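Subject: Structure handover

Hello,

Please find the sequence and structure below. My notes on what was found follow directly after.

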Amino acid sequence: MLILTRLFVLNRSLYLGFFIALVLLGFVLDQLGYLTSFRTNLQSAISPIQQSITLTVEDLVGQTTLPTDVVVLQNRVTELETVNNTLVVENVRLREIERENEQLRQLLNYTRSNPQTNYQPSTVIGRSIGVDPTNLLYFVYVDVGARDGIARNMPVITDRGLVGRVVAVGPNSAQVLMLIDPASAINAITQNSRATGVVRGNIDGTLIMDRIPQGDTISPGDIVLSSGLGGNFPNKLVIGQVTEVLQRDQDLFQTARVRPTVDFGKLETLLMITSFEPIDFEAELLNQREDDN
Amino acid sequence: MHPDFVLIVTLSWVILRGLDEGVFIAIFAGIGLDIFSGASFGIFSLSIGLTALLTNLVHDRVFGTNNLILPAALILPATVFFIGFAAFLLIQLGHPMSWDTLLTNIILPVALLNTAVMVPVFFTLYIFNRLLTPSEALTW
């Protein structure tokens, strides 16, 4: 450090210029995609360390918790929360099945009678090993990667609902963009009123559903599901529950606040839906244009 | 929401040891943040580098180099600048964020959190610094 400091004092402007050049070069390479493999490989390389730290912290937290009754009560609360979450999701699924059954009865020539095939695909279970180190972005890192069959844009869920999608993959780890990140957007539908809209993340960790047509009825308590429109996510995945509707007559669309069912601060085990293939409309259109030409 | 330990340690070192050493911590910390965050490379390197530079400038010009209590309070405006500048760059690169939500829900709470965490971290690093160079110990 002392030698570095002396060198820096001698050539301060030179080193500052070098630093700025290094950052700009890194930025350009990152934008061109040349840095992705370096970043994912580095993340994969340190993922064993991250896993060890995560386990150690969990052990320490476990050991420092108050013993006896408090522990028993905490376990009981956790059990009940798990049961409650399972029942809520089960209830939502059953309602969807009921609605779908009604539609199937109306469609006489409908031959496929297994409505679950759309969203019970094969999955890979991953463990959360780290979150984004900044306060401005919502990413989570998992300990499964390309070697486990994970690819970009695969949807990620928990037993409580949709978490987000995979945005970068390394050999042994993957980076997941959470729904609550402002860069995330997903087409959604409310379960009861079938109002459609786009659910976006908010910087404060909440969800906003906008682009809801003025004619659609939406009310607090409505369950919000993924609609499958756009082809980026499977349909019928639970996103959250409407808590507040912001409707003004002069606006083109309504907006609603949505409370996510997933606790994004306590992600542990995640499921990656590997059999779902997102549709890249942009690439398909480009291919079609090339074929036409 | 969590305290920015990387920023706190970097600025503490800049205040205790000056920019010449602090700049190296800032460079490595910024590159580390860039690699392990989902943002485009360079955003946090530039933000933390610039914040370290400004902190050093204000610390030396306003408080002098032999006072330690007041400079520790610099973490509050420094956090506002660091997150604000990084958010500005993210917005310019197409990451949608609203400034009012950002200010009330992220910048101000994190700035207060950082100020609270700065005290023990700074004190620990102060002791560490005294062990490294006893002759250069600063006054409180």
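The contact between the chains takes 34 residues from chain B and 31 residues from chain A. Please keep in mind throughout that this is a predicted model. On the side of chain B that touches chain A, the elements giving two or more residues are H2, helix H3 (43–63), helix H5 (75–92) and helix H6 (99–132) of chain B. Which of them gives the largest share? H2(B) does, with eight residues. Sorted by class, this side of chain B has 21 nonpolar, 10 polar and three charged residues.

Next, the helices of chain B. Two packed helices are described by the angle between their axes and the distance between the axes. Two pairs are described here in that way.

From H1(B), the contact is made by B:Val6, B:Thr10, B:Trp13, B:Val14 and B:Arg17. From H2(B), the residues are B:Leu19, B:Glu21, B:Gly22, B:Ile25, B:Ala26, B:Ala29 and B:Leu33. By class, the contact of H1(B) with H2(B) has eight nonpolar, two polar and two charged residues.

H1(B) brings B:Leu7, B:Ile8 and B:Leu11 to the contact, while H5(B) brings B:Ile75, B:Ala78, B:Thr79 and B:Phe82. The residues of this contact divide into six nonpolar, one polar and no charged.

Now chain A. There are five helices and 12 strands in chain A. Of its 293 residues, buried residues make up 31%. Among the contacts in chain A with a separation of 6 or more, 57% are between residues 24 or more positions apart.

Which strands of chain A close into a barrel, and in what order? Six strands do so, in the order S6-S7-S8-S11-S10-S9, and the pairing is antiparallel. From one strand to the next, the twist averages 40°.

- Strand S7 (residues 196–201) of chain A is joined to strand S8 (residues 207–213) of chain A by four bridges, and the two run antiparallel. A:Arg200 stands opposite A:Ile208 in S8(A). S7(A) and S8(A) form a hairpin with five residues between them, and A:Gly205 in the turn has a positive phi of about 85°.
- S8(A) and S11(A) pair in the antiparallel sense over five bridges. A:Leu207 has A:Val258 in S11(A) as its bridge partner.
- Strand S10 (residues 238–246) of chain A is joined to strand S11 (residues 253–260) of chain A by six bridges, again running antiparallel. Here A:Glu244 has A:Arg257 in S11(A) as its bridge partner.

Regards

Notes
Residues are numbered from 1 along each chain as its sequence is written. Chains are lettered from A and ligands numbered from 1 in the order in which they are written. This is a predicted model: local features need pLDDT of at least 70, side-chain atom pairs count only at pLDDT 80 or more; totals for chains, interfaces and linings use all residues. Two residues are in contact if their C-beta atoms, placed from the backbone, lie within 7 Å. Ala, Val, Leu, Ile, Met, Phe, Trp, Tyr, Cys and Pro count as nonpolar, Asp, Glu, Lys and Arg as charged, and the others, Gly among them, as polar. A residue is buried if 20 or more other C-beta atoms lie within 10 Å of its own, exposed if 12 or fewer, and partly exposed in between; C-beta atoms are placed from the backbone. Two strands pair if DSSP finds at least two bridges between them. Axes are lines fitted to C-alpha atoms, for helices over the stretch in contact, and angles run from 0 to 180 degrees between N-to-C directions.
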